[in-house]
Amino acid sequence: MKISRGEKTFGVFNTLLLAILALSTLYPFIYMTALSLNEGLDSLKGGIYFCARAFTWINIKTVVTNPLVQDAFFISIGRTVVGTIGTVFITGICAYALSFRKLPYRKLIMIYFLIPMLFSGGLIPYYIQLRNLGLIDSFFVYIFPGLLNIWNLIVMRSFFENIPDSLIEAAEIDGANPLTIFWRIVIPISMPMIAAISLFTAVAHWNSWFDGAYFVNDMSLKPLQTYLQNILMNADAAQNLRQGSASVSASSNAAVAAASRTITPMALKMAVVILGTLPVLIIYPLLQRYFVKGVLIGGVKE
Amino acid sequence: MNLETAKDTPITLTKPLSKTELKFRGIWKYRWQFAMILPGFVLVFLFNYMPMAGIQVAFKDYNIFEGIWTSKWIGFENFYFLKDSEFWRVFSNTIWITVLKFAFGFPAPIILALLLNEIKNKTFKKWVQTLTYMPHFVSWIVVAYIVEALLSQSSGLVNELLTSMGMKRIYFMGSEEWFRPIIIISSVWKEVGFSAIIYLAAIAGLNPQLYEAAIVDGANKWKQTLHVTIPGIMPTIAIMLILTIPNLLNAGFDQIYPLQNPVNLPVSEVIDTYVVKTGLNQGYYGPATAIGLITSIVQFMLVVGANQLSKKYGDTRLF
């Protein structure tokens with residue numbers, strides 16, 4: 001087919017536009033990385049765009065050796081691992097049981113699970129309930145409330161419903177109970193869906209900061225994103241992060257001490273942001289093919 | 001309910017089973033399934049239904065030491081905010097932000113998907129996609145840092161560009177008029193690539209014969225887009241539209257709160273942030289619950305309305 005001149009111009013223009021768009025999404029991450037790897041005082045002069053001018057590891061090092069940042073990092077890892085496994089398991093078994101079409105009272109139970117999607121008590125009654133359950137100021141406030149994800153319940157149930165009945169019946173005849181069937185047959189064939197749901201759950205856990213900010217007061221229990229929010233919105237917290245670096249300089253040699261004097265709150269903030277973003281950015285390209293499927297399962301319902 | 005299964009089981013019957021016995025046998029047959037549902041059932045009761053019961057705080061003089069049930073009823077006293085101009089300003093801020101976000105955020109992924117669809121080079125297309133949905137996976141806190149780093153008055157990239165072009169520095173975060181553009185641009189930036197996935201899938205699912213027929217009829221690329229692609233993804237657009245309706249009061253706490261400061265507060269305070277501040281920060285549980293209740297009711301009506309719409313036009317139901 002002949003390509004008209006108009007279409008050719010459009011093609012070039014379109015490619016250019018999308019390239020700019022892609023770069024504009026990538027660029028802020030490059031910018032932050034450059035700032036976190038540049039000497040803080042030097043950055044204040046401006047002119048850092050793509051690469052660090054006065055390259056240094058000191059910002060990253062200061063942040064990584066800060067005990068509060070370390071605590072926050074491990075809390076984040078902990079809640080992500082425990083929370084994801086727990087949520088996917090609890091939601092998964094519930095969705096599987098509800099996928100049996102002949103289950104007595106199935107409709108009624110589904111309505112019970114759907115009502116909270118339509119109406120909620122709101123934040124304050126929720127907070128009061130968490131307090132009554134003794135979850136305030138506890139690590140489990142990150143885990144328990146999210147163990148059953150209603151949206152994922154629906155997605156998983158419709159996936160399980162599409163597994164051929166004959167497969168389950170064959171196992172039943174062999175004398176397997178539903179838990180064994182779930183574990184040995186259903187999970188292995190549902191792996192792509194489970195991977196997608198797990199990825200979304202894990203990212204949500206890693207990025208969550210609200211629960212850490214309002215349901216937990218103990219600094220050592222705050223996850224990394226809450227800690228980030230804290231230093232973003234609270235000048236004192238940023239100052240504390242910098243003071244942490246002063247103690248580093250006191251304990252190490254003179255050269256490090258000299259370098260640490262160039263540390264600015266901004267450079268440290270950028271270093272923490274990199275620490276808070278890197279794990280997700282590393283994992284997501286690896287699991288991309290799963291979550292594209294996951295979005296489609298969740299988004300386009302037949 | 002499970003008459004057949006009960007009949008099939010070879011048990012010697014002395015007398016016919018009563019209805020309740022049959023029902024019980026049906027339930028017993030599914031005992032594993034019920035056991036699997038139980039944990040989820042309890043969790044939803046604890047974290048969803050109990051807070052619904054807690055709504056009574058909106059009509060009570062809630063006292064932490066007395067608890068929800070024994071605190072005194074005070075009628076509609078907690079709803080005094082409805083006569084408060086401060087509340088109505090917060091309400092209008094919320095509507096402004098949600099409407100603007102919708103006006104720019106809804107078409108953006110459709111346009112992106114249409115443009116991506118025209119790219120013939122597979123590798124380039126994949127790279128653009130991968131990069132544009134990357135921001136979806138970082139937190140709003142990180143986005144706030146990005147905004148701060150790029151727009152900072154002293155060393156931000158944008159202000160450096162402005163001065164290099166001979167323009168004045170702008171104190172973006174400390175101005176009322178820049179707050180809404182910042183919110184809109186950052187939310188489009190974060191979500192456009194990810195939302196485009198669904199539209200791209202819809203485009204990929206279109207029948208290629210339609211395009212062939214259009215080409216035979218002499219349609220160029222633009223005409224094909226207009227008459228084949230867009231009508232083809234219309235059902236998907238309709239579903240996505242309906243799905244956004246229930247969120248019309250949800251301006252996005254996660255995004256807005258980290259970007260707030262005393263200067264932009266007159267435009268940046270929205271219902272969500274207002275409830276957190278009056279309730280959790282200042283401890284006015286009653287009024288904050290009352291505001292939450294009104295929001296929940298409006299949200300409920302929006303969901304039901306959206307569902308009616310989708311039944312009528314979309315052939316699909318949300319629930």
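1. How many salt bridges does a search of the whole structure find over all chains? The search finds nine. A salt bridge here is a side-chain nitrogen of Lys or Arg within 4 Å of a carboxyl oxygen of Asp or Glu.

2. Some ground rules. This is a predicted model, in which local features need pLDDT of at least 70 and side-chain atom pairs count only at pLDDT 80 or more, while totals for chains, interfaces and linings use all residues. Residues are numbered from 1 along each chain as its sequence is written, chains are lettered from A and ligands numbered from 1 in the order in which they are written, and side-chain values use heavy atoms, with hydrogens and water left out.

3. Chain A overall. Chain A has 15 helices and zero strands. Helices (H or I, at least four residues) and strands (E, at least two) are DSSP runs, numbered from the N terminus. Of its 302 residues, 51% count as buried. Buried means under 20% relative accessible area, exposed over 50%, and partly exposed in between (1.4 Å probe, protein chains only). The accessible surface of chain A is about 14200 Å², with 68% of it belonging to carbon and sulfur atoms. Accessible areas come from the Shrake-Rupley method with a 1.4 Å probe; for residues, only the protein chains shown count as cover.

4. Contacts within chain A. Contact means heavy atoms within 4.5 Å. Take the contacts in chain A with a separation of 6 or more: residues 24 or more positions apart account for 70% of them.

5. The interface. In all, 88 residues of chain B are in contact with 94 residues of chain A. The size of an interface is often given as the accessible area lost when the parts come together. Chain B and chain A bury about 8600 Å² between them, 78% of it on carbon and sulfur atoms. Three residues, B:M36, B:F137 and B:Y145, supply 10% of the area that chain B buries against chain A, more than any other three residues. Buried area is the accessible area (1.4 Å probe) that two parts lose on being put together, summed over both.

6. Charge across the interface. The rule finds one salt bridge between chain B and chain A. The side chains of A:K269 and B:E148 meet in a salt bridge, at 3.4 Å from N to O.

7. Salt bridges in chain B. B:E269 and B:K277 meet through their side chains, 3.0 Å from N to O. B:E269 is buried at 6% relative accessible area, and B:K277 is buried at 17%. On chain A, salt bridges that share partners join A:R106, A:R157 and A:E161 into one network. Back in chain B, B:K190 forms a salt bridge with B:E191, and their closest N and O atoms are 3.4 Å apart. B:K190 is buried at 5%, whereas B:E191 is partly exposed at 23%.

8. The side chains of A:E161 and A:R157 meet in a salt bridge, 3.8 Å from N to O. Why are A:E161 and A:R157 separated by about one helical turn? Because they are four residues apart in helix α7 (residues 150–161) of chain A. A:E161 is buried at 16%, and A:R157 counts as buried at 18%.

9. Two cysteines of chain A. Is A:C51 buried or exposed? A:C51 counts as exposed, at 59% relative accessibility. A:C94 is buried, with a relative accessible area of 0%.

10. A nonpolar patch. A:F74, A:I77, A:V81, A:V82 and A:I85 make a nonpolar surface patch of about 480 Å². Patches are made of residues with over 30% relative accessible area and no salt bridge: like charges are joined within 9 Å, nonpolar side chains (Val, Leu, Ile, Met, Phe, Trp, Tyr) within 5 Å. A:V81 lies in helix α4 (residues 67–98) of chain A and counts as partly exposed at 47%.

11. B:N93. B:N93 sits in helix α5 (residues 85–105) of chain B. B:N93 is buried at 3%. Leaving aside neighbours within four places in sequence, B:N93 is in contact with B:R180, B:L265, B:P266, B:V267, B:S268, B:E269 and B:V270.

12. B:G193. B:G193 lies in helix α10 (residues 176–204) of chain B and is buried at 4%. With neighbours within four places in sequence left aside, B:G193 is in contact with B:L112, B:T132 and B:Y133. B:G193 and B:S85 are 108 residues apart in sequence and 39 Å apart in space, C-alpha to C-alpha.
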